[in-house]
Amino acid sequence: MDYLSKKYLRPRKIPSSACSGCGLGMNHKAVIQAVYELGLEVDDIVWGTSIGCAGRQTFGTWKGDGFAGTHGRVYAIARGLRLALPPEKKIILTVGDGDAFGIGLLHLIHAARSNADLTIIVNDNLGYMSTGGQYGWTTPHGTKSDSSPYGMYEHNMVSDGMDVLGVLKNAGATFLARHVSMDGPRAVESIKKGIANRGLSLIHIVYPCPTNVGSRELGTRDAVTIYNWIKNQAAPIGQERSDTLWATGVYHDASNSRPEFSESIHQHVGRIRRQRLYENKI
Amino acid sequence: MKRYLETGNFAVTEGAILAGCRFFAGYPITPATELAEAMSYRMPQVDGIYIQGEDECAALHLCIGAALGGYKAMTATSGPGYILYADPYGWAIGCEIPVVILNSGRVGPVSGITGAPGQGEFYLTRYPTQGGNFETIVLAPNSAQEAMAMTVEAFYLAERFRTPVTILADQLVTDGFEDISVPENEEEMKAMGFRTWPRGINRGPVFYPPTDEIDIPPVVLGHNTGALCSDWTPTEEGYDTEEVVAHHKHAYRLIFKIRNHKDLFNHLYEKTFMDDDPDLVVVSYGTPSRVVNTAVKKARQEGLKVGALRLIHLWPFPDEHFKKKTKYLSVELNWDGQLVREVRRAAHKDAEVHFVGSCGDLPAVAELLEVFEKLLKGQPLARKGWELEEW
Amino acid sequence: MKTRSEILASGFGGQGVVRLGQVLGEAAVKQGYRVTMLKSHGTEMRGGYVRSQVVISKEPIDSPMVEFPDLFVALSLAAYRAFKHLVKEGRILYDPAFVVEIDQGLGCIQTPVPAKNVSVENFGRPVFANTIMLGVIADVMKTLDPEIILQSILQIIPKYHEENKKAFEIGYALLGNNR
């Protein structure tokens, strides 16, 4: 265990039970690095997760308080919790692509609408991998999986001019970024901005799954192969090539530009109560 | 004490406030909308929060999140929304989150008639989520005044048992106006039998003891206790595990913490003319029980030895009331017969169990009297359309 | 009074059927009675059917159902047809602007109350028909004190106090010796 793991993570869950070669650890590390660089302590953060690979592998790793919601609902739980916790407590959610962009999208959009102060890290392994490898809403066209043996042929949410981050931007999210797990310090910088934003921040990070995506699409579980496959199809925003699937960097930064959900609600409640007191109706 | 002519929805709102509820997440649905409206008006006045979920599923999840942060929280809906609770309900049972849910029953299935009463969720409240291995607590008031009392009681039981509690009302209870008395201080609350339980904070490291113990404070996040809770089978410290032995411990706890402490709520029933071993016991809950009571009183005037048993806590089912070898008649606001199945299961092996259902409206006193007479004479129930279908 | 009085009011949405029941119920509460009032209505706020069932009693009330109304206020033809047979020894008050066909074969007293037209004549619009009807009810119903009914109207309807007072008085005097 390195210094950061010792400081922030529970020894019981390190090493994780992830498959060999799984890229989730890189994303997890980037989040911890960002937390460290912001000078945050264990008690400053409540950590929530969803289900699936990303949720299960990160659940219970944070030394502080933590929870895992049911499929797709963690955004609604987190909003309820946001209203109960003091504003200085950060809530970080590590979730998967199916959870955020499939089953939970309605709740995620409403979390964005309300600009709830949550930092959501969407760890995207390009489909449903903990159930054995079925395609999802970010699986690239033509990619083979157990439920797309002929190649994925549905519209997804990140191709042909569509972008789920655009949906979230229009819904009111105040910080949005996209990375691949090999982005290292660039991803850490985005996560730091996300945590610093008092509002809804989402950082979408594609990571390699050698076990399912590698074996079905690339014909090998060799980690290096899928690392390169992802890395080669990613490029920083502005440097995209014709075959770029993931333009990386900050997609939208309107940090602290809009009232935050819980503060605004508490402010309204306080105002109503004060008015009633003044009118001597309480 | 203040006295009003008000709706059950108003009564529930005041009951929730008395019980310490300061968070209500709603979603509009007839006939529970007025409760959400009343909460939206009252919550800010008592420093509480009202918000609307994007659907009922989110509304209950919002409540759970708020409860996880320390709020006493509540939501309300009708049948079509109650089914969307399946997801969060199971999570709240598993993570042992105290939260209160009101279901104002309307006639179904699906959307049915929005303004007509129904009792179609008797079993749904027992199994509001998948997976089994749990007990639920369900309270069924039959008047606005009692709806207030049962709301207070629901919060009390939710805290002590660390579990969601459903108040199963019907459209007539929540929408109907009635003269109600609202206590204004703690003494008046006590005099009315209202009991409350404060929210505690579990300090760990054991968050889910593998016992049937109650009165353990729930997990509250944000207090740096290292609390963990999730949808997976938990270890005692809250870690997710795939160990079957851990699951046995958890399932035991979820079932027997409630079964082994039924004494906390098994006084919640009402008996009318039941002291002389009546030849016919009429069983019901909710608003139909009020028509039953009128009918039973009339029957007694006519010399029929009929008694009425009204259930207030429905689940866990009070089997102990059905040990007499007699005739039972279940009167329900549905045609398929739900309560009657449970009565038949619980009843003495030589008891006779009958059913009269009405669909979308209350049964009439005259109809019930006719049924009582027939049953007491051992005659088959006359079939008048569907209403008097024998189960 | 007898131990239990039952009042049924039914008509279209928007006529104030629920409010009418609420006023009578509130007046009864003020006089120390026990009260229940069921309301049933369709999804639509206006235009659907609406029914109020009010029970007033000195004792706690078991069944809140109105099965033998002492008073039935019929404000639509459909409502009249649906519930007229429930009235045995009681009385029906109906507004002939809506209930255009009367069953002469009923055994009970049936009294036309042209509340809508009277409202239009006196106030230029029909919105005070409900209060006029309440005035008539105060006149014919012996259980409740007319003063307390008026007080309840003013409490429950926050607007147009002067007009409502006047409408109530018009209603109270409307039947005269014909009651």
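In this predicted model, the contact between chain C and chain B draws 19 residues from chain C and 19 residues from chain B. On the side of chain C that touches chain B, two elements of chain C give two or more residues each, namely helix H1 (17-30) and strand E2 (34-41). The largest share comes from E2(C), with eight residues. Sorted by class, this side of chain C holds six nonpolar, eight polar and five charged residues.

Chain C itself contains six helices and six strands. Read from the N terminus, its elements follow the order β-α-β-β-β-α-β-β-α-α-α-α. The C-alpha trace of chain C spans about 45 × 40 × 35 Å along its principal axes. A compact globule of 179 residues would have a radius of gyration near 16 Å, and the 15 Å of chain C therefore agrees with that expectation. Of the 179 residues of chain C, 46% count as buried. Among contacts in chain C between residues at least 6 apart in sequence, 56% join residues at least 24 apart.

In chain B, seven strands form an open sheet of mixed pairing, in the order E3-E2-E4-E5-E7-E6-E13. Strand E3 (49-52) and strand E13 (313-315) of chain B are the edge strands, each pairing on one side only. From one strand to the next, the twist averages 25°. Strands of a sheet pair through backbone hydrogen bonds, in either a parallel or an antiparallel sense. The pairings of strand E5 (residues 99-105) of chain B with strand E4 (residues 73-77) of chain B and with strand E7 (residues 164-170) of chain B are set out below.

| Strand pair | Sense | Bridges |
|---|---|---|
| E4(B) and E5(B) | parallel | four |
| E5(B) and E7(B) | parallel | seven |

Met74(B) stands opposite Val100(B) in E5(B), and Thr75(B) has Ile101(B) of E5(B) as its bridge partner. Towards E7(B), the bridge partner of Val99(B) is Pro164(B).

E5(B) is mostly covered, with seven of its seven residues buried. In a regular strand the side chains alternate between the two faces of the sheet. Val99(B), Ile101(B), Asn103(B) and Gly105(B) point one way from E5(B), whereas Val100(B), Leu102(B) and Ser104(B) point the other way, and all are buried.

Helices of chain B complete this part of the description. Helix H3 (residues 56-68) of chain B lies across strand E2 (23-26), E3, E4 and E5 of chain B and runs at about 165° to E4(B). Helix H7 (residues 144-161) of chain B has 18 residues, which at 1.5 Å a residue should span 26 Å; its end C-alpha atoms are 25 Å apart, in agreement. Because 16 of the 18 residues of H7(B) are buried, this helix is largely enclosed by the rest of the structure. Arg162(B) follows H7(B) and has a positive phi, near 50°.

A helix pair is found in chain A. Two packed helices are described by the angle between their axes and the distance between the axes. The axes of helix H4 (residues 74-84) of chain A and helix H6 (residues 105-113) of chain A come within 8 Å and cross at roughly 35°. Tyr75(A), Ala76(A) and Arg79(A) of H4(A) make this contact with His107(A), Leu108(A) and Ala111(A) of H6(A). By class, four nonpolar, one polar and one charged residues take part in the contact of H4(A) with H6(A).

Key
Residues numbered from 1 in each chain as written. Chains lettered and ligands numbered in written order. Predicted model: local features only at pLDDT ≥ 70, side-chain atom pairs only at ≥ 80, totals over all residues. Contact = placed C-beta atoms within 7 Å. Nonpolar A, V, L, I, M, F, W, Y, C, P; charged D, E, K, R; others polar. Axes fitted to C-alpha atoms, helices over the stretch in contact; angles between N-to-C directions. Expected span 1.5 Å × (residues − 1). Buried ≥ 20, exposed ≤ 12 C-beta atoms within 10 Å, placed from the backbone. Pairing = 2+ DSSP bridges. Rg over C-alpha atoms; globule rule 2.2 N^0.38 Å.
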